[in-house]
Amino acid sequence: MSLSHVLPALTSQVPPREAGRIPRDRLVVSQADLACAIAAAGPTTGLPTIIKEHALTSLMLACAGVRYLCQGAAVRDAYRRMTTAEFGRINARQAWANWRVIPRNLHGNLRIDRPSRVLDLCCGMGDSTRALAWWLPAGSFIVGMELDPRFAEAASAFRYRNRDGEIIPASIQRTSVLEGFRDCHGTRCADGSVDLVHAIGSIGCHFTPEQTAVILAECARVLADDGFAMLDAGRAGTSPKELTHVAQAHGFTVIGRARSWRFDRYEQLVLRRTA
Ligand SMILES: C[S@@+](CC[C@H](N)C(=O)[O-])C[C@H]1O[C@@H](n2cnc3c(N)ncnc32)[C@H](O)[C@@H]1O
């Protein structure tokens, strides 16, 4: 049996909570919804090809002295030294994972009875923003924050839509998430003004636990009372254990988690403020 036959089987996890136990005002994502979303708007390249291209591009970049799994000031420099095409190949695995991880964590948590105000930290060229927008109710909007000007420009140029085809407006702010969260005007996000703070492919790769504490302090400040955060974790940056520890120190409890497939090195945790 070929790898491309084995991988989808390993990725077909069921959503974490049964639909019957979820309040009516929350998003329910069935396995069929997930498959539909991926077929309609997800990346079309298969995981084996993505992994092969990722490995080749990483190797070529490493030969040129570019190591992007880094922290601190080196992050900006590493991304600056790759072309947007190289970033696309490096990030393809992330883009593939986004369509599997994000809906699993929104399931049972995202309110669908009213629009949501969403922050997508380190949004890159908008791959995570796209997967988020798909599930949002009409009237919602997203503020993306991204360090690299070329990626921010690409993310700004995209028109984001939800699964009913409605436009979800997105404002991409070119800034570091470590310098305070921004609103759509580029000014400091107001306290309690956000329903969901989201990050994927960033905290688990690029942020030390000390930097993650800065992000958690901002999450605690900007989230509305019934808001929640979905933040990624991985050993290259802040591990799941470290993220849990930092989150607890800022008054959050881990209420869910998801991986794209069984052998994914990264995980995304769902955090809610402890009552
Ligand atoms: C692996 S990419 C993930 C992008 C996106 N979340 C996705 O799923 O496609 C990581 C991104 O984090 C951005 N980044 C790293 N450090 C950042 C910071 N301090 N503030 C804002 N963006 C940052 C990088 O420029 C890069 O675009």
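1. The ligand is surrounded by 24 residues, the closest being Cys 122, Gly 124, Asp 127, Ser 128 and Gly 201; a residue is near a molecule if its C-beta atom, placed from the backbone, lies within 6 Å of it. Two or more residues of this shell come from each of α4 (73–80), α5 (84–106), α6 (127–133), β2 (141–146) and α8 (203–206). Helices (H or I, at least four residues) and strands (E, at least two) are DSSP runs, numbered from the N terminus.

2. The model is predicted: local features need pLDDT of at least 70 and side-chain atom pairs count only at pLDDT 80 or more, whereas totals for chains, interfaces and linings use all residues. Residue numbers start from 1 along each chain as its sequence is written.

3. With four residues, α5 gives the most to the ligand shell.

4. Helix α3 (residues 47–63) also meets α5: their axes come within 8 Å and cross at roughly 140°. Axes are lines fitted to C-alpha atoms, for helices over the stretch in contact, with angles from 0 to 180 degrees between N-to-C directions.

5. Strand β7 (residues 267–273) pairs with β5 (residues 223–233) in the antiparallel sense over six bridges; pairing requires at least two DSSP bridges between two strands. Strand β6 (residues 252–258) is likewise antiparallel to β7, joined by six bridges.

6. Which residue of β7 is the bridge partner of Asp 232? The partner is Gln 268, and Ala 258 also stands opposite Gln 268.
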